[in-house]
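Subject: Structure handover

Hello,

Here is the structure I promised you. Please open it and keep it beside this email while you read.

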Amino acid sequence: QVQLVESGGGLVQAGGSLRLSCAASGRAFSSYAIGWVRQAPGKDREFVAAINWSNYIKYADSVKGRFTISRDNAKNTVSLQMNSLKPEDTAVYYCAAGYAIATLVDSYRYWGQGTQVTVSS
């Protein structure tokens, strides 16, 4: 089992940047795929990005070229650097752990509590 805690959310103007972090505790963190999933008010959860143990990465088309995911297994952390933010990026961002990298959000087994990202126009 792994426990996940997100940080780094906040309010930013359109075009700005934020860096989210996901700190993990528990066993065998490095063996998990870690994903970022977001949920805007009134909308379904949406896959954003994910990285597996070998640094294979997937991004949603909506964030390609703007967001960068990375992991530091020595520190048990995964980061999401978000640049050129848009108002439509406003959502609660969750990190989640699963046994394989996936774009299907229900594939992830363990979830953090989420951190709010608000992008003003």
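In which strand is the place of Ser-79? Look in strand S8, which covers residues 77–82. Keep in mind that this is a predicted model.

Is Ser-79 buried or exposed? Its relative accessibility is 10%, and buried means under 20%, so Ser-79 counts as buried. Leaving out residues up to four places away in sequence, Ser-79 touches several others. Among them are Arg-19, Leu-20, Ser-21 and Trp-36. Thr-68, Ile-69 and Ser-70 are also on the list.

Next, the disulfide. The structure holds one. Cys-22 and Cys-95 form it, with their sulfur atoms 2.1 Å apart. The pair links distant parts of the chain: Cys-22 sits in strand S3 (residues 18–26) and Cys-95 in strand S9 (residues 91–98). The two cysteines are 73 residues apart. The torsion about their S-S bond is about 60°, so the disulfide is right-handed. Both Cys-22 and Cys-95 are buried.

Now the whole chain. It has eleven strands and zero helices. Buried residues account for 44% of its 121 residues. Take the contacts between residues at least 6 apart in sequence: 57% of them join residues at least 24 apart.

What about overall size? The C-alpha trace spans about 40 × 25 × 25 Å along its principal axes. A compact globule with 121 residues would have a radius of gyration near 14 Å, and the chain has 13 Å, which agrees.

Last, the surface and charges. The chain exposes about 6100 Å², and carbon and sulfur atoms supply 48% of that. There are 12 positive and 8 negative charges, and their mean positions are 6 Å apart.

Best wishes

Methods. Residues are numbered from 1 along each chain as its sequence is written. This is a predicted model: local features need pLDDT of at least 70, side-chain atom pairs count only at pLDDT 80 or more; totals for chains, interfaces and linings use all residues. Side-chain values use heavy atoms; hydrogens and water are left out. A disulfide is a pair of cysteine sulfur atoms within 2.5 Å. Helices (H or I, at least four residues) and strands (E, at least two) are DSSP runs, numbered from the N terminus. Buried means under 20% relative accessible area, exposed over 50%, partly exposed in between (1.4 Å probe, protein chains only). Contact means heavy atoms within 4.5 Å. The radius of gyration is taken over C-alpha atoms; the globule rule is 2.2 Å times the number of residues to the power 0.38. Accessible areas come from the Shrake-Rupley method with a 1.4 Å probe; for residues, only the protein chains shown count as cover. Lys and Arg count as positive and Asp and Glu as negative; His and the chain ends are not counted. The place of a charge is taken as NZ of Lys, CZ of Arg, CG of Asp or CD of Glu.
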